[in-house]
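Me: Got a model open here and want a quick walk through its helices and backbone angles. Can we start with how the elements are named?

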Amino acid sequence: PVPTIAPTGAGTLGDVNTDGKINIVDALLIAREYVGLEPDNFDPAYADTDCNGGISIVDALLVARYYVDLISQFC
């Protein structure tokens with residue numbers, strides 16, 4: 001996993017592009033970061049949705065599951 005940093009603003013876990021919505025775009029951005037593509041508008045402080053101290057593809061999956069109402073919260 002890619003190490004994370006502590007959130008610095010008033011953002012929401014899962015909302016990595018900080019647009020006020022947690023959606024499939026956030027999941028895609030996490031996946032892109034995980035494979036090293038360095039996406040624009042990406043705040044890694046909000047990407048660790050399984051709270052294990054790093055960013056992995058599991059975090060992207062959790063955001064996708066949240067978006068389609070399969071889960072209602074992170075960690």
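Predicted model: local features only at pLDDT ≥ 70, side-chain atom pairs only at ≥ 80, totals over all residues.

Me: Good. Which residues of helix 2 are buried?

Reply: Helix 2 covers residues 57–67, and its buried residues are Asp59, Ala60, Leu62 and Val63.

Me: Why do they line one face of the helix?

Reply: Look down the axis of helix 2. The buried residues fall within an arc of 160°, so they line one face.

Me: And what do they pack against?

Reply: Two elements: helix 1 (24–34) and strand 2 (54–55).

Me: Moving along the chain. What is the phi of Asp69, which follows helix 2?

Reply: Positive, near 65°. Asp69 is not a glycine. Its place is in the segment after helix 2.

Me: Is Asp69 buried or exposed?

Reply: Exposed. The relative accessibility of Asp69 is 66%, and the cut-off for exposed is over 50%.

Me: New topic: Thr18. What is its phi?

Reply: Near 45°. That is a positive value in a residue other than glycine.

Me: Where does Thr18 sit?

Reply: In the loop between strand 1 (2–3) and helix 1.

Me: Why does Thr18 count as partly exposed?

Reply: Because its relative accessibility is 47%. Partly exposed lies between the buried limit, under 20%, and the exposed one, over 50%.

Note on methods. Residues numbered from 1 in each chain as written. Heavy atoms only, no water. Buried < 20%, exposed > 50% of the residue type's maximum accessible area, 1.4 Å probe, protein only. Helix = DSSP H or I, 4+ residues; strand = E, 2+ residues; numbered from the N terminus. Arc of directions from axis to C-beta. Contact = heavy atoms within 4.5 Å.
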